[in-house]
Amino acid sequence: MVVCTSCSCLCDDVEVELDGERIVKVKHACRIGAGILLNYNVSRAEPMIDGVTTDIDSAIEKAAEILKDSKRVAIYGLDNTTLEAQRIAIDIAEKLGACIDNGSKFGKLVELMLREEIPSTTLENVKDYAYVIVYWGSDIHNSMPRHMSRYTYYPRGKKRQRGYEEDRFLVVVDVRKSHTAMLAKRNAVFIETDNDQKLVKEFISALNGGIAGRDVLRVVKEARKSDFNVVFGGEGLIKGLKDFKDFVEFVKKFGYFIPADYHPNSMGFFRTMFDKTGRVDSYCFSDDSSLSFEQALIDEKIDTVLIVADDPLNSVPFDVAKKLAKVNTIVIDPKCSFTSKIADVVIPSAISGVECGGTMVRSDCVSVELKPIFKSEFDDVKILKRIEREL
């Protein structure tokens, strides 16, 4: 059995069949996880300095040299690496007075969870007890394909023995009919919205016995049949809310909230940062201020970026990407990426869960120990420790 690190489900029931150093068969994984495992050795990064292949020791030394000579450093990524590597990266950021941020958009809501201002629960509890299950602004069928079958709508639980046939009610809220919405057929409803804030207030009104649309009233009627209902909020919800005050009120009246964040260890980063600084992301150690990675690039407040297990050039807006191309860039990553192609220094590392162990934290704050299939000489922890020692 291995733990699949393709998303924040961190499925621990995956089996692999080996032929020497090759994974030739994968059981129980979703299409994303199977693809990652079967192709773990494809498009691997090589140590590079200024586009020229070198040895990994020279690449690490050059990275440390650039960081020492830099005045305004940012550390970015870390959602796809282990808790142990995240802690070292945060220590490096503190030592350099650097800004640090990750790629997840869920920081503000997660901070409310960690402050216990919004009720949350575990995926196991959802499986055993949840009746109304809401996916809001998340096409979970594509981002985390096993989420519904392993934990929410389809499985039988302790008090939900009849599963989706009778013991679950599915709600999908989105701006369009996504693949997840297409599954909302039996004991289910799809609510299309172009105004999340307005819909949240409509739910609050219905829960208070006030006026609301037919679909909202139906959901609330179903929710009152159970004392355990849950909302999984995706990036669509985050972007659609102007503030979170009304949403927090809604969740408190409705049940529980769990972020539908597909990054495998963003929750580990959030929790570690919160324990260290009282904030979850977008933090500058130099002056105890809040500044996101993207805004720091736009405002030209950084001259060097250390990117760990991420490919921001593949996801940030074009104006941010142009700024990124102009600063010193150090990339630590197992795979070749758009960002590694423009990096001043590339340091290849191990794939977490495949070639190195450690701990990751699911989106419901449950820690999971990784069981590596192979062993790699250089993982993120060893590389970051080397860099930290040379600073």
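The accessible surface of this chain comes to about 17000 Å², and 46% of that belongs to carbon and sulfur atoms. Those areas come from the Shrake-Rupley method with a 1.4 Å probe, and for residues only the protein chains shown count as cover. Before I go on: this is a predicted model, where local features need pLDDT of at least 70 and side-chain atom pairs count only at pLDDT 80 or more, while totals for chains, interfaces and linings use all residues. Residues are numbered from 1 along each chain as its sequence is written, and side-chain values use heavy atoms, with hydrogens and water left out.

Okay, overall build. Buried residues make up 57% of the 391 residues; buried means under 20% relative accessible area, exposed over 50%, and partly exposed in between, with a 1.4 Å probe and protein chains only. The C-alpha trace spans about 65 × 50 × 35 Å along its principal axes. A compact globule with 391 residues would have a radius of gyration near 21 Å, and the chain has 22 Å, which agrees. That radius is taken over C-alpha atoms, and the globule rule is 2.2 Å times the number of residues to the power 0.38. Of the contacts with a separation of 6 or more, 67% are between residues 24 or more positions apart. Contact here means heavy atoms within 4.5 Å.

The chain has 17 helices and 18 strands. Those are DSSP runs numbered from the N terminus: helices are H or I with at least four residues, strands are E with at least two.

Nine strands form an open, mixed sheet in the order 4-3-16-15-14-5-6-12-13. Its edge strands are strand 4 (52-53) and strand 13 (289-290), and each pairs on one side only. To count as paired, two strands need at least two bridges between them in DSSP.

Have a look at strand 14, residues 304-308. Five of its five residues are buried, so strand 14 is largely enclosed by the rest of the structure. T304, L306 and V308 sit on one side, V305 and I307 on the other. As a reminder, side chains in a regular strand alternate between the two faces of the sheet. Strand 14 is joined to strand 5 (residues 73-77) by five bridges, running parallel, and the bridge partner of Y76 is I307. Five bridges also join strand 14 to strand 15, again parallel, with V308 opposite I332.

Next along is strand 16. Strand 15 pairs with strand 16 in the parallel sense over four bridges, whereas strand 3 (residues 48-49) runs antiparallel to strand 16, with two bridges. V345 turns up in both pairings: V345 is the bridge partner of I330, and I49 stands opposite V345 too. Strand 16 is covered on both faces, with V345 and I347 buried on one side and V346 and P348 on the other.

So what packs on this sheet? Helix 3 (residues 83-96) lies across strand 5 and strand 6 (99-101), at about 165 degrees to strand 5. Helix 17 (residues 380-390) touches strand 14, strand 15 (328-333) and strand 16 (345-348), and makes about 145 degrees with strand 15. For these angles, axes are lines fitted to C-alpha atoms, for helices over the stretch in contact, and values run from 0 to 180 degrees between N-to-C directions.

Helix 3 has 14 residues and reaches 20 Å from first C-alpha to last, close to the 20 Å expected at 1.5 Å a residue; the expected span is 1.5 Å times one less than the number of residues. Its buried residues include L83, I88, I90 and I92. The buried residues of helix 3 pack against strand 5, strand 6, helix 13 (266-277), strand 17 (358-361) and helix 17. Just after helix 3, G97 takes a positive phi of about 65 degrees.

Five strands form an open, parallel sheet in the order 9-8-7-10-11. Strand 9 (188-192) and strand 11 (256-259) each have a single partner strand, so one side of each is left without a neighbour in the sheet. The twist averages 15 degrees from one strand to the next. Strand 7 (residues 132-136) and strand 10 (residues 230-233) are joined by four bridges, and Y135 stands opposite F232. Helix 9 (residues 196-207) lies across strand 7, strand 8 (169-174) and strand 9, at about 160 degrees to strand 7.

Last stop: is S178 buried or exposed? S178 is buried, with a relative accessible area of 9%. S178 sits in the loop between strand 8 and strand 9. Leaving aside neighbours within four places in sequence, S178 is in contact with D139 and V172.
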